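Here's a quick briefing to read alongside the structure. Have a look at the model first, then work through the notes by topic.

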Amino acid sequence: MWSFVLRRLISSIPVLILVSLMTFGLIWLVPGDPASVFLDASATPEQVANLRRELGLDQPLWTQMLSWYERVLSGDLGESILLNRSVAAAILERLPITLSLAAIALVLAVIFGILLGSLAAVNHGGWGDQSIMTVALLGLSIPDFWLGLVLIVVFAVQLGWLPSGGFVAITEDFGGWAMSMALPAFTLTITQIGFIARMTRSSMLDVLRQDYVRTADAKGLGHGFVVMRHALPNAMMPILTVTGVIAGGLLGGAVVVEQVFALPGVGRLIIGAILSRDFPVIQGGLLMLAVIYLLVNLIVDMLYAVIDPRVRLA
Amino acid sequence: MKTRILQIALAGGLMASGLMAAGLPAAVQAQDGGDVVIAQLQAPPSLDPHVTSAQAARNVNLHMYETLYARDENAAPVPDLAQGVEISEDGLTYVFTLREGVNFHDGSQMHADDVVASLNRYREIGASSTLLSAISSVEETGEYEVTVTLSEVQSTFLDNLSSPRAPIAIIPAEQAALGANEIEFIGTGPFRFVEFQPDSFVRLERFDDYTLNTNYSERDGLAGYKEVFIDSVTFRFITESGSRVAGLETGEIHLLETVDGPSAQRLAEDDQYVVYDVLPFAFQVIKFNHAQSPTDDVEFRRAVAAALDMEEIMAISHPDIYEIDGGWLFTNSAFYSDAALDLYNIADLEVARQHLENSSYDGETLTFIVDNGRANVDTATIVQQRLAAIGVNVELSVADWPTVSQIGFTPDGWHFWTHGFGIEPFEGPASVIAPWVDGVSMQADDPEINRLYNELTTEMDADARAEIFAEFQAYMYENAVAIKAGNYGLFQVSTTALENFVPFRIPRMWGVRLNQ
């Protein structure tokens, strides 16, 4: 197992280098730099040039790139041009918000997605199956930002049950934190439940047709017990795969939700950095997201071996 | 009682500081204290007042920092941290007497060395350092006296010193010794810095040791008597318009810095809110690239100007909050001119076609760069459609602001560019002419505009300056240097809990009370 983990970690390095090179390439292609954020349209070319020099933006991009790789190898992601703090600090301050949002949404989506998908499979062809799949399809189709705004209007404005946005740290007030995360997490959950429910249903239908399931039923075991104990574990592999994909997708989905609910997470940080061309933050942020994505996939691969004893991690 | 929509003439309005919010029963008076929450679209790129001219930064910085001179309610420069100034007969020497006993947020007091250091820092790294380009020296000539010597007469020097664009804020000398974005946020303003989360909020609290300017008895623009009745103000950065409005409706937010027209109309019908029409706030301007053909051709530019229907442009781009006016200043400016306004808003396709026939346009497709702000995209789209009617082919190139502004600052890749001109008409005639000097905005030097600018900034007589500005405006129209579509404004909305709020160039939080 550990040699597998080590090999996967080592093989991640070229991926991360590629991600950073592609990011630099994109930054090089897109015009503009932070000077345009500081100054208005009436700024003279001299004022722009002066500010670029003050901010260290007058170096050629390849020089900036080499400096960045030198720093990264010593564990330093550089300084944000706009935030006036280290990129690592800026990301770490915001990471708990994004990760907690994604984690809550993932756990809820997995629990309810598997539950609904299993119910749909067990009631295959019936009204329960049709209803659940319709709801799942709706969840898949609804845009995050629209759903978020609707939830704000209903639960914050009309009912006044929850805040419309903003963030309260868990260390400050657990109740406030829970309330500030409720609507954003729910928004993300709804749109992901559909994926897991559909995959669960499809996978369960395959398994429920197997001889060993029929045998278990014939032995007189309760059908619920058969589904939970025999069918679901055997259906988990594809569900696990799609969960891994969703986990990565949640980081992207969190960006939209963070904007709608004004949550100061990593997604909002990166979006703001892109719009203001804060290159160190773009580089550091995307690298961090790539690391998380690779780690999630590593965990998914390891869980295959846990769930299915036939799988050997070579 | 139905909420009244208050018409505010921004640049010349008369504001009585004791004005009570409509609808509040006299028996329920506001308690002093409270945290006012303001929602604005963007985060400030910096809280270093010298290095940024972004509106989002001004909104915050002008609460923490003050300047020697500041703009009053009518946009005229008046003393703020200065007690006054003596100007030599030759117009080259300004001796500023400072107010004594002015406290900085760190407990120290302001002296001449702080002013000297701040002005010199601005000359070095200021975002609008050209404002002080006429200065040859700044000296401390007393504990509370600073002498500024100019290399040439500049009639607009006090205007420049009081410019709120990237304010020439006075900070402690030891802070002024630091580079851009390296300072601690210490000023003399009525609010002091508490916390800044760059993608979330900035919080300021009342500075209890603020030195009130007793030369005034009431709030007056960015100067005046800045008494603070609230405990703190929090600026939250919420990009999503629906989220901002929702925050107001849930009571989490007290003031929206800007809101879209339909939301403003809806909120105006609710007694809980007050809607302010902040009009005029800026110009909608369409620039030509004079370094490219055919926009380097006067006849072509005149054709474009003649074709456009400004009412159509402004009504679609800024519905319910615009004015059709061709003056290159706001109407309440002392220098407002009606010169050549017969060439404004011609909206005649036949006249346009005649100019076009005399021009060098040969059917090629022209590029209109525009940022993805809704009003600017709408303006560009309407111009594109209108020009298509006279046979001019225009392709829109929409991108975000950093991309567009980078292209727009070069002579290649564009023929048209539209955006707002906000702070310039507020500041006055020199600020309106300045963007066209040395060809900065149109990518080709225009000696006539340069001459007019030099004349205006060295002419001390106000009537003569007015004539020069009229000459500039006539030149702009006769040569179609650029096109002014009209004036537009902002809708701002507050809850009735916020009392005595009067809109200005920034959402001022001195003089207001929060009914808790």
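In this predicted model, helix α2 (residues 112-125) of chain B lies across β6, β7 and β8 of chain B. The helix runs at about 170° to β7(B).

- What order do the strands take? It's an open sheet of 4 strands, β5-β6-β8-β7 (chain B), and the pairing is antiparallel.
- At the edges sit β5 (82-87) and β7 (135-142) of chain B, each of which pairs on one side only.
- From one strand to the next, the twist averages 20°.
- Strand β6 (residues 93-98) of chain B and strand β8 (residues 145-150) of chain B run antiparallel, and 5 bridges join them.

**Helix α9 of chain B**
- Which residues of helix α9 (residues 349-357) of chain B are buried? They are Ala352(B), His355(B) and Leu356(B).
- Looking down the axis of α9(B), you'll find these buried residues within an arc of 100°, so they line one face of the helix.
- Glu350(B) and Glu357(B), on the other side of α9(B), are exposed.
- The cover over the buried residues of α9(B) includes α7 (298-307) of chain B.

**Two domains in chain A**
- Chain A is assigned domain 1 (2-73) and domain 2 (90-313).
- Taken over C-alpha atoms, the centres of domain 1 and domain 2 of chain A are 32 Å apart.
- Where they touch, domain 1 of chain A puts in 15 residues and domain 2 of chain A puts in 13 residues.
- Helix α1 (residues 2-29) of chain A gives the largest share of the domain 1 side, with 10 residues.
- That side of domain 1 of chain A, the one touching domain 2, splits into 9 nonpolar, 4 polar and 2 charged residues.

**Where chain A meets chain B**
- How many residues of each chain are in contact? There are 42 residues of chain A in contact with 42 residues of chain B.
- On the chain A side, at least two residues each come from α2 (35-38), α3 (45-54), α7 (144-158), α10 (223-261) and α11 (266-276) of chain A.
- Sorted by class, the side of chain A that touches chain B has 24 nonpolar, 13 polar and 5 charged residues.

Technical notes
Residues numbered from 1 in each chain as written. Chains lettered and ligands numbered in written order. Predicted model: local features only at pLDDT ≥ 70, side-chain atom pairs only at ≥ 80, totals over all residues. Pairing = 2+ DSSP bridges. Axes fitted to C-alpha atoms, helices over the stretch in contact; angles between N-to-C directions. Contact = placed C-beta atoms within 7 Å. Domains from an automatic or database assignment. Nonpolar A, V, L, I, M, F, W, Y, C, P; charged D, E, K, R; others polar. Buried ≥ 20, exposed ≤ 12 C-beta atoms within 10 Å, placed from the backbone. Arc of directions from axis to C-beta.
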